[in-house]
Amino acid sequence: MIRYFYMGRLFKAWWLCLGFARILNFHINNFMLVEGSEDSKTCHENEGSCSPGDLSKQEIEIEPNYMELLQEAVANCKDMQCVLTELITDEFFREDCWETQPVFLHTKPGTFGKGKLTWKTLLDLTDEGLMWGDKGENCIVHPDVKNGTAFKFDARFKGAQMTRQQLEVLKDTIHISSIQAIHRGAAELVLHFQRALGLAANGNVFATKGVKDTPLHTDRAEIFVVQTSGRKRWRVYQPHTQLPVWGVHGDGDWGKNEALPSSLVGDLVLDKILEPGDILYIPRGFPRSATTLPNKKKNERIIDVSIVMHTEGLHLVFEKYMRCALARSGTCDVTELGEKYCPLGRTLTEHTRSEEGKPLRQSLPIGFLSGAKDYWPMFAKKMADTVQSQLAMVLKKADKKGISQEPGLVEKLDSELATVAGRVFETAKADIKVLEEKGWYGNNEDVAFYEKQKHWRYLIKMSGPFQGTYCHENGIEVAFRDYSDADLPLDRFTKMVKKTKK
């Protein structure tokens with residue numbers, strides 16, 4: 001039989017930092033009547049006894065509408081620092097909205113500062129040296145200058161400087177990726193999000209002329225849509241698969257090359273028209289579509305900046321954390337057909353797809369999720385609370401399948417989970433520092449203008465704690481090998497999507 005582990009090191013670190021007295025004091029203050037309170041006075045008047053009947057006679061408070069309270073607090077802010085402070089300190093947003101439900105916010109005029117991009121702002125980028133990008137790295141749709149429509153990549157445009165005239169004749173939506181690398185105002189806007197949330201952030205600009213539709217699709221990141229010019233209607237739907245994870249659920253997102261069938265999404269949960277000053281938070285995996293609305297100014301573009309917060313895209317989810325620890329514990333050294341693989345991997349994948357394995361799809365508690373100051377005890381406690389029960393389930397399922405485990409595996413896992421947790425905690429902060437110091441506008445002067453966005457994309461690609469041979473001497477791909485196992489069926493939703501395309 002398997003002896004389940006207890007995450008001893010993580011619990012010990014958390015316990016020592018918080019202290020038994022502080023934990024006890026928390027329970028006393030939150031779950032017992034405090035001397036001097038109105039409730040305690042009522043009990044004293046009843047000679048020290050306080051029965052449920054006594055409390056029921058007191059006025060019952062109505063549960064406040066936490067969404068309205070959050071929206072009201074944000075609406076009173078005058079700048080983005082205030083807006084984001086309200087978000088990261090709001091327990092309702094952290095516990096009930098993050099990765100769980102979309103949130104619409106309205107801000108005062110001027111809140112976005114220099115990040116309020118207009119059509120003139122984008123045209124002015126051509127004076128600074130805006131250039132056509134490379135295939136796969138392109139910052140803007142490549143145009144056929146004759147009629148202003150987009151067409152497939154043509155190497156003739158690579159590295160060529162763009163003119164105002166070329167930009168103005170484009171009829172399709174203009175997409176500028178990694179805007180923080182080439183525009184100061186946008187850099188300040190994106191940096192506000194990155195510094196406040198403690199997560200790597202990227203800004204993608206979409207500028208559209210006239211009425212255009214964005215097909216139904218999902219994303220692998222947490223998205224904050226910041227509307228800076230014109231109006232755009234967003235519809236967000238309940239996902240079929242909550243918190244999809246790359247590998248476990250195919251590519252982890254759907255609808256990028258072909259619109260996601262509307263028959264495969266759940267109920268409409270939000271239908272909002274965004275105007276300048278509005279912000280829309282869309283959790284990872286939630287299907288969404290958008291339509292630009294007619295603009296009052298004939299030649300003005302409808303512009304929004306999608307602030308992409310990288311979590312699952314950098315493998316910062318519990319499932320990948322557990323895979324890395326399993327690989328470091330020696331469970332991926334079995335050789336089959338000349339390649340090493342992890343016998344426990346398939347069981348982990350199947351478990352993560354299940355409802356009881358859903359906690360493993362959550363993003364790791366880094367940044368604001370581990371406290372305003374990246375508080376290690378909160379991070380360690382969350383990691384321990386989640387992984388302790390989840391790993392026990394995975395090992396139990398493997399045991400029932402007859403997958404034998406090496407003696408001492410539990411002790412190795414206990415040690416490696418603590419080690420990997422420390423790496424995740426430190427690497428996340430180090431990656432953000434590198435992105436800001438080497439990839440942001442003003443900090444990348446030694447990089448050619450055309451290469452600035454490409455350079456930032458390289459930096460984000462190198463981010464994340466599971467790089468190189470840290471998890472396994474043959475690379476992290478060893479731990480991912482079961483994703484392509486011929487005997488592992490597709491996840492239910494990917495199978496449904498493929499079926500509709502036939």
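Modeller: A cavity is a set of points on a 1 Å grid over the protein atoms alone where a 1.4 Å probe fits but cannot get out; its volume is the space filled by probe spheres set on the points. This is a predicted model: local features need pLDDT of at least 70, side-chain atom pairs count only at pLDDT 80 or more, and totals for chains, interfaces and linings use all residues. Residues are numbered from 1 along each chain as its sequence is written, and side-chain values use heavy atoms, leaving out hydrogens and water.

Colleague: What volume does the largest cavity have?

Modeller: About 70 Å³. The whole structure holds three cavities of 30 Å³ or more.

Colleague: Which residues line the largest cavity?

Modeller: Those with an atom within 4 Å of a point, among them His 310, Leu 314, Ile 366 and Asp 431. The lining has seven nonpolar, two polar and one charged residues.

Colleague: Why are helix 14 and helix 15 called roughly antiparallel?

Modeller: Helix 14 (residues 409–439) and helix 15 (residues 452–461) pack at about 165 degrees, axes 10 Å apart. Angles over 145 degrees count as roughly antiparallel, so this pair is roughly antiparallel.

Colleague: Which residues of helix 14 and helix 15 meet?

Modeller: With contact meaning heavy atoms within 4.5 Å, Val 434, Leu 435, Lys 438 and Gly 439 meet His 455, Trp 456, Leu 459 and Ile 460.

Colleague: What makes helix 10 and helix 14 roughly antiparallel?

Modeller: Their axes cross at roughly 160 degrees and come within 11 Å, so helix 10 and helix 14 are roughly antiparallel too. Leu 191, Gln 194 and Arg 195 of helix 10 contact Ile 432, Leu 435 and Glu 436 of helix 14.

Note on methods. On a 1 Å grid over the protein atoms alone, a cavity is a set of points where a 1.4 Å probe fits but cannot get out, and a pocket is an open set with protein on both sides within 12 Å along at least five of seven lines; lining residues have an atom within 4 Å of a point. Ala, Val, Leu, Ile, Met, Phe, Trp, Tyr, Cys and Pro count as nonpolar, Asp, Glu, Lys and Arg as charged, and the others, Gly among them, as polar. Axes are lines fitted to C-alpha atoms, for helices over the stretch in contact, and angles run from 0 to 180 degrees between N-to-C directions. Helices (H or I, at least four residues) and strands (E, at least two) are DSSP runs, numbered from the N terminus. Angles under 35 degrees count as roughly parallel, over 145 as roughly antiparallel, 65 to 115 as roughly perpendicular and the rest as oblique.
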